[in-house]
Protein chains: 2
Amino acid sequence: MATLKQVAAHAEVSVQTVSNALNAPHRLRPDTLQRVTRSIQLLNYRPNRNARSLRTSAVELIGYCVPSWPNGQAHLVMDQFLHSLCASAESSGRHILLFTAPVGVEGMPVYEDLHARRLVDGFVLSQTETHDPRHGWLKEQQVPFVSFGRVWKESTQPGPWVDVDGAAGCAAAVRHLQETGRRRIAFLSWPEASGLAEDRLTGWQRGCQELGLPSGRELAFHCQEDTIDAGARATAELLDADPGIDAIVAISDILALGALRELSRRRLTAGVDVAVTGFDDSPLASVVSPALTSIRQPMDQIATELIDILTATAPAGPTERLLQPELIVRGSSAPG
Amino acid sequence: MATLKQVAAHAEVSVQTVSNALNAPHRLRPDTLQRVTRSIQLLNYRPNRNARSLRTSAVELIGYCVPSWPNGQAHLVMDQFLHSLCASAESSGRHILLFTAPVGVEGMPVYEDLHARRLVDGFVLSQTETHDPRHGWLKEQQVPFVSFGRVWKESTQPGPWVDVDGAAGCAAAVRHLQETGRRRIAFLSWPEASGLAEDRLTGWQRGCQELGLPSGRELAFHCQEDTIDAGARATAELLDADPGIDAIVAISDILALGALRELSRRRLTAGVDVAVTGFDDSPLASVVSPALTSIRQPMDQIATELIDILTATAPAGPTERLLQPELIVRGSSAPG
DNA sequence: CGAGAGCGTTTGAACGTTAAAATGCCAGTC
DNA sequence: GACTGGCATTTTAACGTTCAAACGCTCTCG
């Protein structure tokens, strides 16, 4: 484990010169720079991050609270999100530090502690809830953070955020279904209380209205839980009540899977008799048959924006960014 | 942001005494301790981790490479694993640092760099591959690490590991199926090359043999990919070839889901006509209908053991631990 | 009653780095 | 030839903590 001192001795310069070679190479005369660089390589020197952080008081670590879902349910795309987040962080020389914390106010001491002890520079928040207490608190404490997900039903949300336009995604699904000949499009949703659900429902509604398709309350079903079973039961009820339904936009891949199952039980062919779309383009979507058309959140872009905002030195650019999802068309909505 | 110095001034003791109050309270006279503690609380002092780490050269961070699955497939239980790992790390005052790295030898520089720059004390490896190069390399470099998963087909594996006894899990599934009246139990597997597959296959085989049930090659099907479709096709082939099959042990929940789908297509009732079991007890298992009997890996215990081994100061206890999974019985194997 | 041990506390130094100020050198200017 | 300005490099001092040694006090015991 070489130190600056040893490299300096080897290159016959002062310690500071070696430091400059790494952090401000333009300050060195080309020949000196080359000599120092050679010594660095020869000794396989790596700067000690702790010493650096102590001096600069920046740890280059970003805290992320690993979500724990109350119902034991997994975030099917968390893998992808974490991977993108890590990659983005790394491309700016930072890393992600994971931690656990209780949801709501009880979790705040954990955030405070991590920041006060200088384990992280800031936080990326996800699983944003209505009236999430974290945003206000962090802003007040002047702890840097950025939120993945808007706090819903608030006119203004404290602090910067990045989110995906779920409404636009659902509207795009509706448009795609209309273009492929569908005329009676149902919507499979979560409980109405959820802000996420409201956003996506609105997209379906507006999409239908703009195309002159029906979008009445009887075409929207609110499932109480996000399970395949619930999706299947909802689909059954919808089809029983209105056999004319020829497409179903589901608010999640899981509910869409339920729809697929119910269709298959009824000897209906998904994608032919009734088209189905999901949301999130989880790994499941491409693994079922027919493969599921789904709305993909641009994970890489989300991650890049999050890190961008969090690590911006000067407050450049907007700090509220709504990204567009992408409709991935597969067999469940367009056979062939 | 209070520092030791300020606390010391406030409590009218030396800096070292405050440090001792935190790290070796037994050295202080009770009244001094109390006075210092009061000052610490009053000033809301938190030790600066960087300074501490610089001095002690221990960062209390554990590196974990966030897996990227080549086929874009998600690890359905990664959530749970990460959550358990974080919780275990935290209960020993540590945290998890995430990073990305290419698989195989090309990833080694990343590990080296993280360790050399003192970003982490050691590593938890997962996604262990046959002849995984990381283990040997890390051992040689004397970088602390522990592996989740054995390196297969090696008589001795460099370094400590924790793993789950997949064979025992599958044997337990077979036993359960036999007890509930099943006599012809098929096995749905991955490609034979996989060590994981071999382990679990062996469990099924031995389980059947011990109970006097058939376990010939014709009852084991090796799917080329881990998809619902592949599982369904395999189930179709198995049932076509041998209509007497009354139970299927699948090596993954995904394949089991395929089996369920094929059964339903054939108007057979899972759990009544043919019993089905999966592996991993992923969130999907409880979300399908009938709910899927599955073999759960003890995530909390795995995480605890991993952290235990990695952070043990003295080499206490065995550093190769094989944990027992648990069979979670649900409707797909025991209706009612 | 003086030497030695034990305890609680302080002092001095170091961990490896970087910011800021100081230094020395050289070329250009009047 | 002294004077200025600019550049490359070095010196000094810190960042906040802990280790190791030293200190001074009290107690024990021969």
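**Around DNA strand D.** The model I am reading is predicted. I noted 25 residues around DNA strand D, the closest being A:Q16, A:T32, B:L4, B:S19 and B:A51. Helix 2 (15–23) and helix 4 (49–56) of chain A each supply at least two residues of this surface, as do helix 1 (4–11), helix 2 (15–23) and helix 4 (49–56) of chain B. I sorted the residues of this surface by class and got nine nonpolar, 10 polar and six charged.

**Chain A against chain B.** I then turned to the contact between the chains, where 42 residues of chain A meet 42 residues of chain B. On the side of chain A that touches chain B, helix 5 of chain A has the largest share, seven residues. By class, I recorded 22 nonpolar, 12 polar and eight charged residues on that side. I also found strand 2 of chain A paired with strand 2 (residues 95–99) of chain B, antiparallel, over three bridges. In this pairing A:L97 stands opposite B:L97.

**Two helices of chain B.** Last, I checked helix 5 (residues 78–91) and helix 12 (residues 299–311) of chain B, which pack at about 45° with axes 8 Å apart. That angle is why I call helix 5 of chain B oblique to helix 12 of chain B. The crossing of these two helices is right-handed. Among the residues that meet, I listed B:F81 and B:L85 from helix 5 of chain B, and B:I302 and B:L306 from helix 12 of chain B. I counted nine nonpolar, four polar and one charged residues in this contact.

Notes:
Residues are numbered from 1 along each chain as its sequence is written. Chains are lettered from A and ligands numbered from 1 in the order in which they are written. This is a predicted model: local features need pLDDT of at least 70, side-chain atom pairs count only at pLDDT 80 or more; totals for chains, interfaces and linings use all residues. A residue is near a molecule or strand if its C-beta atom, placed from the backbone, lies within 6 Å of it. Helices (H or I, at least four residues) and strands (E, at least two) are DSSP runs, numbered from the N terminus. Ala, Val, Leu, Ile, Met, Phe, Trp, Tyr, Cys and Pro count as nonpolar, Asp, Glu, Lys and Arg as charged, and the others, Gly among them, as polar. Axes are lines fitted to C-alpha atoms, for helices over the stretch in contact, and angles run from 0 to 180 degrees between N-to-C directions. Angles under 35 degrees count as roughly parallel, over 145 as roughly antiparallel, 65 to 115 as roughly perpendicular and the rest as oblique. A crossing is left-handed if the near helix is turned anticlockwise from the far one by less than a right angle, and right-handed if clockwise. Two residues are in contact if their C-beta atoms, placed from the backbone, lie within 7 Å. Two strands pair if DSSP finds at least two bridges between them.
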